[in-house]
Amino acid sequence: MTGLILYVRSRQVPAALGAAVAGTALAWLPATAFSVKGEVSSTVLALTVLLLVAVATTTLGGPDDTLDRTAARPWGWLRISHLATALGCVLMLLLATLLTGTRFGPFGCAVRDAAGLLGLTALGTATVGTARSWFLPLGWTLGAAAFPGMGTAGEALTWQTQAFDSRPAAVVAAVLTATGTAAYVSRGPRTTAGDLVTEPVRCR
Amino acid sequence: MNRIIGIELRRSAALGAALLIAVAGTIVLQATAGRWSMGWMALAMTQREYLAVLSPLAMAAGAWQSYREHRANVAELLAAVPRPRPQRMVPILATTALAVLVAYLVTLLAAAPRIADTARYLPPAAFVVVAVGLVAMIASVWLGLAVGRLVPALATAPALAVIGFALLILAPHALPDGGLTAAFSPAMGMSMFSDYDTVDGQVSAAQALWMAAVAVAGVVLFAVPNRKFAFAALLPLAIGATATVLVVPTGDAYDQGTLDPVAQELVCTDGTPRVCVSRAHEELLPEVTPKARHALELLTKTSIVEAHEDTSTVSPPTSPRSRADTALMTITLDQHGHLAHPRRLEPTMLTGVFTGPLSCGDNRNFTVATAAAYWLLDREPAAGPDGLEFDDPDAVKLWKGLQALPRAEAEARVVAVYQAARKCQDTTHLLSRGAR
């Protein structure tokens, strides 16, 4: 148990959880204040999921991943449970809004966006490092939020903001989830020389 | 100073950010070429609309730069250098501003070759629109720098971008007036409803004022040595918001300003019969003239001797004065800036002649007009990319009836339709009455 607590602390999970709750509240309050119908638009849903996934991203790498790797831990299992827990937390927060007047749903869309974006950011963590892993999810989702596409190619390219029954969007999200999970579980966060510089906060 | 900025460019994330923003901007702009192929103003306005993506990315770039600085852990080291504080602040502000400025302009230049040989009308307002876009980009990146410095966390940059997007695109809709919505978001008020759309100078001024206020607030936030003074940034925001509200036109004044009367003015051929298109479509005159003149030749039995572009708009509602000697042409452009449906120009122009002026209201009969127009053209009225927009079996039936008649009789009926349509009379039975 001590190992798990240390892991959670090293990944700054409490802070991330707090930030995620605050982020959900930040999205929910204006949505409640300004929208009239029960369900928020797909744009607002995609942006909220992006916000939560960005917060979850910060936990995918520790202050010193090179040092982490030297520990004899079942890293594969830790990483896959980490991703599953992160997805669970994001979905739990969105599920909580389903109980209120302003629902962040449909749930199918929330699952697709959360899984796809988490996969994309995990892929980024494994390939370009945790610090840069939010670049692509952010740019892609903003583009999709501003200009949702139509047709098979359009729906696939702007999968984040499509209706929940869109097949191309679901396929793209599934592929991203699978490749992202596989890359992150097998390789872990990318380590670079820059990671040796620890967070100033940690030094104290 | 040049040397310092050179060092700062290599040291900071500015170059990489500029590259990524330029790539993102080029992708969205090129993917939707049909929205701005009409001309320079359309390009400038569409790119401004895409600030919805570019501006949040610039905010993220600024916050990311501040986070990197925080991670590198050199603040204390730099603070130990015996130089005044502004000397440490100005280079990074200048470098990031330069980077996003270049990114915005590169995106614009990458799009320009596509319409360079078709677009001609370049109003001064287009330069103003681009300039306001540049101010908005600089304000975004400076705001990002400031927020990234106040909240040095990895998630700050993406979170700020999401909030920025919401403030730019979602929040302004809560404002009660179109003018105010546009004033407080540089990406708003840029949708093109016609090819003659523009951005009013006062609206641009209001947007520039607000963005300048945000930029100043960003600098203040970035430069304050102590978080306790962060509230000082509210002062420029308050002053800017007040000035913006005072400057921006609202209500009808705003709606009127969205149309450029110069772009709507007609430019005509020198020779007769005269063919005129709007200044916004001036480059299409050589393409349109032969088709329009051919259609005018077919109309020799009527009083029509000129063809003008139909420059009517929906918002604000305007329409050209109806004239007995003029046929109106509808001009739509494809994504290369040429006529979208070249073979549809003549049929729609002739159909317009046989339906009569807009003021006739419900008396206008499109089916009869279509049959008459296609009889003149000697083409069957069929639906397709260059024909009718949708199938009209009744028109085909009437057209076949006309074809079966002797030429002189058919021509007499077609002229009768024209005469009746001009006077707003019912034309329903003029083509199908029994042969005399």
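Chain B is divided into domain 1 (2–262) and domain 2 (265–422), with bounds from an automatic or database domain assignment. The model is predicted; local features need pLDDT of at least 70, side-chain atom pairs count only at pLDDT 80 or more, and totals for chains, interfaces and linings use all residues. Residues are numbered from 1 along each chain as its sequence is written, with chains lettered from A and ligands numbered from 1 in the order written.

The C-alpha centres of the two domains of chain B lie 45 Å apart. In the contact between them, 19 residues of domain 1 meet 19 residues of domain 2 (C-beta atoms, placed from the backbone, within 7 Å). Helix H12 (251–257) and helix H13 (261–264) of chain B each give two or more residues to the domain 1 side (helices, H or I, at least four residues, are DSSP runs numbered from the N terminus).

Within chain B, the axes of helix H15 (residues 345–355) and helix H16 (residues 366–377) come within 8 Å and cross at roughly 130°. Axes are lines fitted to C-alpha atoms over the stretch in contact, and angles run from 0 to 180 degrees between N-to-C directions.

The contact between the chains takes 21 residues from chain A and 23 residues from chain B. On the chain A side, H2 (13–34), H3 (42–57) and H7 (135–146) each supply at least two residues. H7(A) gives the most, with 7 residues.

Technical notes. Two residues are in contact if their C-beta atoms, placed from the backbone, lie within 7 Å.
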